[in-house]
Amino acid sequence: MSKRGYAASKKLLTGLIGAPIAHSASPAMHERAAEALGLAGHYQLIEVAGADAAGLRMMLEGVRRLGFAGVNVTYPYKEAVVPLLDALAPGAASMAAVNTIVVRDGRLIGHNTDTTGFARAVAPLLGPSGNAVAVIGAGGVGKAIAFALASREVADIRIFDSEPARAEKLAALLAPRGARVAASVENALDGATGLVNGTPVGMLPNRDTPVPVALLRADLWVADAVYSPLITPLLAAAREKGARIMTGRELAIYQAADAFELFTGLAPSTEIMGEAFDAVMAARGAAYQAA
């Protein structure tokens, strides 16, 4: 729908497909951004665990037919939805992972705003040259992070995944841009200047860390794509070591803002989205303390 169409209708239906997603701050961010632009926005959580291709196809057909401007996609479906879409934007096609689906004239178009969002978020941590960054996880989020680092001209991207074939596939896609497979977490971190967790390890209720604490160093910056909790076990351990840390807050906000603009053609306020995100996290923290 065009900008004029949204201004006339004042209604915006979007949502999120994934599992588990009850913790998501996306509804608050998207609905507050819509309100600030004079739209009646509703962001629907579509939580279905264990969906196969037929189940995903059914959900996507609903998105196509029920008036959605589009939906976001999260774990574990960012790669599974790819063959079910009508078309892919170049960035999403290059990595075969999608976190944003836009409905245009009845067609489902896949995009990846995790990549653009992380590229914006990580910029302050990167030095002018010679960066070596360890990426843990080569699934949907890990792919987006690796492509974002490549877009920021990181010279040495080390990819480790518990499933070596996934790491090899991603490294092959980015080999011309300085990516390689790390045989172990230790190998990935050897001489690295930065570390990014692109796995769901550490997302509540999980309290594990994807990297042994003994490998963390004060001269390392550490980022985590997980934002529930905001300070994951990995980030808490890194902070104790004296490392600079980046929570999943900025990635969550920037990817949401980029997705909102794809859905509507309107640029949302990242400040308003950030306030909405912070309110969700504060309420969650208060509820956790009261429990």
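The following legends describe close-up views of a predicted model.

**View 1. An open, parallel sheet of six strands.** The strand order is S9-S8-S7-S10-S11-S12, with parallel pairing. Strand S9 (179-181) and strand S12 (244-246) form the edges, each pairing on one side only. On average, neighbouring strands of this sheet are turned by 20° against each other, direction ignored.

**View 2. Pairing of strands S7 and S10 within the sheet.** Strand S7 (residues 132-136) and strand S10 (residues 194-197) run parallel and are joined by four bridges. Isoleucine 136 has asparagine 197 of S10 as its bridge partner. Strands of a sheet pair through backbone hydrogen bonds, in either a parallel or an antiparallel manner.

**View 3. Helix H7 lying across strands S8 and S9.** The helix comprises residues 164-174, and strand S8 spans 156-160. Helix H7 runs at about 160° to S9.

View 4. Lysine 143 counts as buried because its relative accessibility is 6%, under the 20% cut-off. Leaving aside residues up to four places away in sequence, lysine 143 touches Glu79, Met95, Ala96, Ala97, Ala138 and Leu170.

**View 5. A right-handed β-α-β unit formed by S1, helix H2 and S2.** Helix H2 consists of residues 26-36. Strand S1 (residues 11-18) and strand S2 (residues 40-47) run parallel, and eight bridges join them. Among the residues involved, leucine 13 has histidine 42 of S2 as its bridge partner.

Key
Residues numbered from 1 in each chain as written. Predicted model: local features only at pLDDT ≥ 70, side-chain atom pairs only at ≥ 80, totals over all residues. Heavy atoms only, no water. Pairing = 2+ DSSP bridges. Helix = DSSP H or I, 4+ residues; strand = E, 2+ residues; numbered from the N terminus. Axes fitted to C-alpha atoms, helices over the stretch in contact; angles between N-to-C directions. Contact = heavy atoms within 4.5 Å. Buried < 20%, exposed > 50% of the residue type's maximum accessible area, 1.4 Å probe, protein only. Right-handed = clockwise from strand over helix to strand, strands pointing away.
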